[in-house]
Amino acid sequence: MDDSLEVILNKSSVSGLFGCGHRPRPAILLLKVDRQPDVFLLRIGPFDPMSAMGRDQDNPRYSFSSWASYSETRASGYIEDSIPGVGTGHQPRNVFIMWERLEPYAIAPLDPSLLKHAELVQLIKQVQADGPDLLNIVHLGDSVEGRAIHRIDFGGGPKKVLLWSQMHGDEPTHTAVLLNLINYLHRARREVLAESIRAGCTIQMIPMLNPDGAEQGTRQNAQGLDINRDARQLETPEGRILKRAVDSFQPEFAFNLHNQNPRNSISTTGQPAAVSLMVPPVDPEGSQTEQIRTAKKVVISFMRAVDCYCHACIGRYTADYMHEAFGETIQQQGAATVLVEAGGWPADRTPSLVAIHSVGLLATLESLATDAYVRLDPAGYDSMPMTIPHDSKTSNELGETHAQ
Ligand SMILES: [Zn+2]
């Protein structure tokens, strides 16, 4: 504890504490004081936040709440602002997850479009090898061209969560995200965060639902069909695999993971939409059911987790009812369903698009596991800025005209 500084804060002074992360210099560790939930200890380094995360080695009266890192100037400003009880109007976050925490577990190629089916299968098996009894991998069936589609199961908690990626073959970002996430959750399973998700959720993830499209870099499957317009006809083996997965699991929450046109932009800022979110309607009338309100809370969980990375680059889509899409169908089956689209982001920017969406999904899973999402106000969804699709002519050339 030499050369470190401690500041006792009350809950209101913690407000707004966690913003954008910078490289650790110095690190800040926020500890919640046992049996006094409104009292926090802010500890400012130098120390190694990696080793401090999850427990307080010096004092058992404190439990881990969060850690972040700031420039020295910024940290000094927070100390001055924080004594006593100065808030900025933002809500404190229970866990602020830094990409630096997850990065050591990132095993997907830095460019997700390079991840093809054969390597995906190899990497999944590699993850499973570290504790094969603890990670269930199920062969659900095969694509048109005979590529195996797998489901990965994690956790044993009451919240049933289904995630699938790349039903459009040329939309690879979230396959890399899911691969990195399962590697973190499985291999770092003794960490507080992973344990919390394991205890709170039963997760089933299907990475790369359209492996033939991924191989060719096409939106459609090998039949030339759009799997996300096949939820009713079920003409594609991949669509049937997803339908069976939903029917047998009956998830409470579902995540439909896509890429959008990188030229789509945010209405209020004109910036590229790095993150677009949507709650697919449950019916053509757009009924605001309790489940829809729950899905909006899930969106807000995601948005809040990534806001510090790409504040001006997060939007939501107009939710036009699409009868033949899977999002709508699964919403109707009773799962609070959310569409997540990764979009435009410079390839060399840190954190990367994969990092942003990994943090978003991990924080959202944690929010589901701990019921933190329940307290969020669904009205926040309706006040999000809109994602504006790029003009359809150019979008056609890029192969993606619609949300989903
Ligand atoms: Zn898509």
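Q: At what angle do helix 5 (residues 117–129) and helix 6 (residues 173–187) pack?
A: Welcome to a predicted model, where local features need pLDDT of at least 70 and side-chain atom pairs count only at pLDDT 80 or more, while totals for chains, interfaces and linings use all residues. Residues are numbered from 1 along each chain as its sequence is written. Helices (DSSP runs of H or I, at least four residues) and strands (E, at least two) are numbered from the N terminus, and axes are lines fitted to C-alpha atoms, for helices over the stretch in contact, with angles from 0 to 180 degrees between N-to-C directions. The axes of helix 5 and helix 6 are 10 Å apart, and the angle is about 15 degrees.

Q: How is helix 5 oriented relative to helix 6?
A: Angles under 35 degrees count as roughly parallel, over 145 as roughly antiparallel, 65 to 115 as roughly perpendicular and the rest as oblique. With an angle of about 15 degrees, helix 5 and helix 6 are therefore roughly parallel.

Q: Which residues of helix 6 meet helix 5?
A: Two residues are in contact if their C-beta atoms, placed from the backbone, lie within 7 Å. Helix 5 brings Leu-120, Leu-123 and Val-127. Their partners in helix 6 are Thr-175, Leu-179, Ile-182, Asn-183 and His-186.

Q: Where is Leu-115, and which residue lies 61 positions from it in sequence but 7.6 Å away in space?
A: Leu-115 sits in the loop between helix 4 (99–102) and helix 5. Its contacts, leaving out residues up to four places away in sequence, are Ala-108, Pro-109, Leu-120, Pro-172, Thr-175 and Ala-176. The residue 61 positions away, at 7.6 Å from C-alpha to C-alpha, is Ala-176.

Q: Is Gln-166 buried or exposed?
A: Gln-166 is in the loop between strand 7 (159–165) and helix 6, and its phi is near 55 degrees, a positive value in a residue other than glycine. A residue is buried if 20 or more other C-beta atoms, placed from the backbone, lie within 10 Å of its own, exposed if 12 or fewer, and partly exposed in between. Gln-166 has 28 such atoms within 10 Å, so it is buried.

Q: Is Asp-371 buried or exposed?
A: Asp-371 lies in the loop between helix 12 (353–370) and helix 13 (379–382). Its phi is positive, about 65 degrees, although Asp-371 is not a glycine. With 10 other C-beta atoms within 10 Å, Asp-371 is exposed.

Q: What percentage of the protein's residues are buried?
A: The protein has 14 helices and 14 strands. Of its 404 residues, the buried share is 49%.
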